[in-house]
Amino acid sequence: MIELVNETNTAIDVAVREIVSTAHRSEGSYVSLPLLYPSGSTVVVRVSGGPARFLVTDFGMGHTEAEMMGCDRIYVRQARAIAERSGVGFDEDAFFAVQVSQEQLAGAIITVGNCSSEAVAVSAFKLAEKAATDASEFLISKLETAFGHAQVSRKEKLVGASNHEWEFAAAVKDGRRTSLFEFATKHPNSVANVAMKMGDIALLGHAPRRIVMVHSKVEMGTYLGVLAHSASIVEETVSVDQIRKLAEAA
């Protein structure tokens, strides 16, 4: 029995060492945490100083991740607020905690790592929101060119078969029929949101026409099939004439 318990404890200890690891270098010790950035990279913090007082920092790793995504300006704004809320420092590049005692060290490592991870995640979300807004504006501009401003309604709301009210990027109304338009990016949340909207509307009797614009069908991969169940799919390069014909035929 004792041997079985020891084997179990050993297995758990090995698993924990795989989740959290350290690498000691001349400039400090690097601690890999069980946290991931949106890119899939592991969150790492560096601990230096000691033995009485320590400096804990993400050494700008979160900022580097944001730069690679093209949202470094968003990151800096978000990081300032997160640092203030969490009680750590941020110097426009790195999160840090100074004069950390041995008793505070574990908490400081976790806090700095969480701040770095959260700042990148929030920045990525904000960037996706901006991309979605820009894409919707592009879609609406093309619709207004094709059908005229008077026939295009922005942020059209419609109740689906589930009795839930959905908001669509735009609707085109010609007096007799309505066509609903949305722009979907390859982000899973965008695909799921648009698919739910279009799917619910498709179940209505005499459902409006449903058209989804994407950057590229190839780029969408298998997500294209998710959207195609309940809507017609067009690429952003679609011509004005093509979009008119599609709306008329839908």
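Close-up 1. Ser48 stands opposite Leu55 in strand 4. The model shown here is predicted, so local features are described where pLDDT is at least 70, side-chain atom pairs count only at pLDDT 80 or more, and totals for chains, interfaces and linings use all residues. Residues are numbered from 1 along each chain as its sequence is written, and side-chain values use heavy atoms, with hydrogens and water left out. Strands (E, at least two residues) and helices (H or I, at least four) are DSSP runs, numbered from the N terminus. Strand 3 and strand 4 run antiparallel and are joined by four bridges; for two strands to pair, DSSP must find at least two bridges between them.

**Close-up 2. The turn between strand 3 and strand 4.** Follow the chain to Pro51, in the loop between strand 3 and strand 4. The peptide bond leading from Gly50 to Pro51 is cis, and its omega is near 5 degrees. Gly50 itself takes a positive phi near 90 degrees, in a hairpin with three residues between the strands.

Close-up 3. Contact means heavy atoms within 4.5 Å, and axes are lines fitted to C-alpha atoms, for helices over the stretch in contact, with angles from 0 to 180 degrees between N-to-C directions.

Close-up 4. Strand 4 and strand 6 run antiparallel and share four bridges, with Ser101 in strand 6 as the bridge partner of Arg53. Also in strand 6 is Gln99. Although Gln99 is not a glycine, its phi is positive, about 50 degrees. Is Gln99 buried or exposed? With a relative accessible area of 56%, Gln99 is exposed; the cut-offs are under 20% for buried, over 50% for exposed and in between for partly exposed (1.4 Å probe, protein chains only).

**Close-up 5. The largest nonpolar core.** This core holds 31 residues, of which Val56, Tyr75, Phe95 and Ile109 touch the most other members. A nonpolar core is a set of buried Ala, Val, Leu, Ile, Met, Phe, Trp, Tyr and Cys residues joined through side-chain atoms within 4.5 Å. Among the elements that give two or more residues to it are strand 4 (53-57), helix 3 (72-86), strand 6 (95-101) and helix 4 (102-147). Helix 4 provides the largest share, seven residues. Leaving aside residues up to four places away in sequence, the contacts of Tyr75 include His63, Phe90, Phe95 and Val120. Another core, of 18 residues, lies apart from this one, and Ala169, Val172, Val234 and Ala247 are among its members.

**Close-up 6. Helix 3 meeting helix 4.** The axes of helix 3 and helix 4 come within 9 Å and cross at roughly 140 degrees.

Close-up 7. Which residues of helix 2 are buried? They are Met61, Gly62, His63, Glu65 and Ala66. These buried residues pack against strand 3, helix 3 and helix 4. After helix 2 comes Gly70, with a positive phi near 80 degrees.

**Close-up 8. Two asparagines to look up.** Asn163 lies in the loop between strand 7 (152-159) and strand 8 (165-173). Its phi is near 75 degrees, a positive value in a residue other than glycine, and at 67% relative accessibility Asn163 counts as exposed. Asn9, by contrast, belongs to helix 1 (residues 2-19) and is partly exposed at 38%. From Asn9 to Ala23 is 14 residues in sequence and 24 Å in space, C-alpha to C-alpha.
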